Every structure is written in structure tokens, then in C-alpha cells.
Amino acid sequence: MRKKDLLNQIKYLTQKVLEADKTVKKLNDDILDKEEEIRRLNEKIEAMEASYNEKPLEETISEQNEAEETIENDVSVPEMKYEDFNFAKESINEELDDVNDYAVKAISRIITESIKIGCVLASGDNPNKKELLNLTLGRTEVAKNEISSLIETNLSNAEKIKTIDNEENQVKEYYQSILAQL
């Protein structure tokens, strides 16, 4: 009985050794593949470095730092005026079969107006421009979510379009109140 147990253990251990040997062989193959990949990447890096300026690294870094300082000192945002607050109504006049298309176009108009206001705020000297921009972006997100969730409701297409128009008008009024603070 004891010899049989020993033979079973030897058989079991032999299987485990064979499995481990297969695993080691696969890992060795993976290592060789990775080494080849590393070699190719190193060759690419060397080629890129060779094509890069022949200047020493310290000189290149100092030039980059000088360029960054120049850019930081020269950054100026041109003064912009908000002139066109028409919400691009020409696209509403199209014949729209699908409420999804209508919603997408409404969201696009809202986002476009939000971007315009953001540009005006970024170029102005208003001390509250960061807060006003956050309010604008927040209202934009709320409008996008409202319109997107409206599409999944059981309202008729006419009711959905009316609700989208109402949301768009509310956003327009909100944006005008933001602009009034400039």
C-alpha cells in the first residue's frame, strides 16, 4: 500500500514538474519576444535621437525653458465682444422627422453659445470670470442632461420638441443673465 502511494505521489509530482516546465518555456518565449520588442524600440529611440538636433541635452533644455518663459510672458487673450446671440435658429426651420436629431441640434446650439460666452469671459477683465464660467458650464451640463433624458420619455414628439424649445429658451435667458454681469 505504501509503494502505491509513493508511485502516485511521484506520478503527481512528475505531472506538476512537466506543467511547470511548460510554463517556464512559455515565459522564456515571452521574455524573448519582449526583448526583441525592447530592442526595436531602442533602435527607434536611437534613430529619433540621431535625427534630433546634435546639440547637447543641457543646451536644448535651456532653449526650451527660454521659449516657455517667452510664451508665458507673451500670452495675451484678445478682447472679444459677444455680438451674435441668435442660437442659430436657421437649423430649426428644417423639416425634422426624428426628435433625436432635433435634440442633438438643440444641444449643439447650447454648447456653441456656451463656448462663445466662455471666450468672452476668458478675454475680459471681470474678477468673477471664473465663477461666471463655472455657472455657464454647469447650466450647459444641466441642459444637456435634461434634453438627453427627455428623449427616453413617453411624451409625443410634439411635446418633446416643445419641451426642448422651452429648455433652450431657459438656457438662453440664463446665458443673457451671465452676460449682463460683465
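## Overall organisation

In this predicted model, 71% of the contacts between residues at least 6 apart in sequence join residues at least 24 apart in the protein chain. The chain contains five helices and zero strands, and its elements follow the order α-α-α-α-α from the N terminus.

Of the 182 residues in the protein chain, 20% are buried. The accessible surface of the chain amounts to about 14,100 Å². Carbon and sulfur atoms account for 54% of that surface.

## Packing of α4 against α5

Helix α5 spans residues 157-180, and its axis comes within 10 Å of the axis of α4, with a crossing angle of roughly 180°. The two helices, α4 and α5, are therefore roughly antiparallel, since angles over 145 degrees are classed in this way.

On the α4 side, the contact is formed by L132, L135, T136, R139, T140, A143, E146, I147, L150 and I151. Helix α5 contributes K160, T163, I164, E167, Q170, V171, Y174, Y175 and I178. By class, the residues of this contact between α4 and α5 comprise eleven nonpolar, four polar and four charged.

## Packing of α3 against α5

Helix α3, covering residues 99-123, also packs with α5. Their axes lie 10 Å apart and form an angle of about 0°, so α3 and α5 are roughly parallel to each other.

The α3 residues in this contact are V99, Y102, A103, A106, R109, I110, E113, S114 and I117. Their partners in α5 are N157, K160, I161, I164, D165, E168, V171, Y175, I178 and L179. The contact of α3 with α5 is made up of twelve nonpolar, two polar and five charged residues.

T136 belongs to helix α4, which runs over residues 129-151, and is one of the α4 residues in the contact with α5. Its relative accessibility is 0%, so T136 counts as buried; the cut-off for that class is under 20%.

A polar atom of the T136 side chain lies 2.8 Å from the backbone oxygen of L132. Beyond its neighbours within four places in sequence, T136 is in contact with S114, I117, L121, Y175 and I178. Among these, S114 and I117 are also listed on the α3 side of the contact between α3 and α5. Y175 and I178 take part in the contact of α5 with α4 and in the contact of α5 with α3.

Conventions: Residues are numbered from 1 along each chain as its sequence is written. This is a predicted model: local features need pLDDT of at least 70, side-chain atom pairs count only at pLDDT 80 or more; totals for chains, interfaces and linings use all residues. Side-chain values use heavy atoms; hydrogens and water are left out. Helices (H or I, at least four residues) and strands (E, at least two) are DSSP runs, numbered from the N terminus. Buried means under 20% relative accessible area, exposed over 50%, partly exposed in between (1.4 Å probe, protein chains only). Contact means heavy atoms within 4.5 Å. Accessible areas come from the Shrake-Rupley method with a 1.4 Å probe; for residues, only the protein chains shown count as cover. A polar contact is a pair of N or O atoms within 3.5 Å; within protein, one must be able to donate a hydrogen and the other to accept it, and residues adjacent in sequence count only if both atoms are side-chain atoms. Angles under 35 degrees count as roughly parallel, over 145 as roughly antiparallel, 65 to 115 as roughly perpendicular and the rest as oblique. Ala, Val, Leu, Ile, Met, Phe, Trp, Tyr, Cys and Pro count as nonpolar, Asp, Glu, Lys and Arg as charged, and the others, Gly among them, as polar.
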